[in-house]
Amino acid sequence: MNSLVFGIVLSALLSTTSLLVVLFRVSPLSSPAQALTAFFAALFLSVSSVGALLFLALWRVVPLHTWDGGKMLGVSVRQGILLALGTMALAGFHVLGVLTWWIAVMIYMVFALVEVALNA
């Protein structure tokens, strides 16, 4: 399992670096379609990998379950992907100009309820 965690850590480093490169080097004025696509792809990869690592650390610290390491890693990766999908929805609504705070709360609540349904 250590090689899987190492792969997620490496993915988090590379995806966060690519997100920073997109933020600081890509101009949305010269090519908006490529800039938005690169931004959303880098944002998804970065949030999902960093989120998976944070959830893995959380589930190791908070012993509310009797999961083994593989189950804990699988749940953490799923939660990281759901967090990234919610963040992508928020960023999409923000780009469209229709994001309000209660829409953001509802989007994250939908993904939290999906996680509760998958975990039960």
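Helix α2 passes helix α3 in a right-handed crossing. Keep in mind as you look at it that this is a predicted model.

Helix α2 covers residues 32–61 and α3 covers residues 69–96; they pack at an angle of about 140°, and their axes are 7 Å apart. That angle makes α2 oblique to α3, because an angle has to be over 145 degrees to count as roughly antiparallel. So what kinds of residues make up the contact of α2 with α3? Sorted by class, there are 19 nonpolar residues, 7 polar ones and 1 charged one.

## The largest pocket

Now for the largest pocket, which has a volume of about 150 Å³. Its lining is made of Phe55, Gln79, Leu82, Leu83, Tyr108, Phe111, Ala112 and Glu115. By class, that's 6 nonpolar, 1 polar and 1 charged.

Which helix gives the largest share of this lining? That's α4, with 4 residues. Helix α4 runs over residues 101–119, and both α3 and α4 supply at least two residues each to the lining.

Glu115 sits in helix α4 and Arg78 in helix α3, 37 residues apart, so the pair links distant parts of the chain.

Key. Residues are numbered from 1 along each chain as its sequence is written. This is a predicted model: local features need pLDDT of at least 70, side-chain atom pairs count only at pLDDT 80 or more; totals for chains, interfaces and linings use all residues. Side-chain values use heavy atoms; hydrogens and water are left out. Axes are lines fitted to C-alpha atoms, for helices over the stretch in contact, and angles run from 0 to 180 degrees between N-to-C directions. Angles under 35 degrees count as roughly parallel, over 145 as roughly antiparallel, 65 to 115 as roughly perpendicular and the rest as oblique. A crossing is left-handed if the near helix is turned anticlockwise from the far one by less than a right angle, and right-handed if clockwise. Ala, Val, Leu, Ile, Met, Phe, Trp, Tyr, Cys and Pro count as nonpolar, Asp, Glu, Lys and Arg as charged, and the others, Gly among them, as polar. On a 1 Å grid over the protein atoms alone, a cavity is a set of points where a 1.4 Å probe fits but cannot get out, and a pocket is an open set with protein on both sides within 12 Å along at least five of seven lines; lining residues have an atom within 4 Å of a point. Grid points are joined across faces, edges and corners, and a volume is the space filled by probe spheres set on the points.
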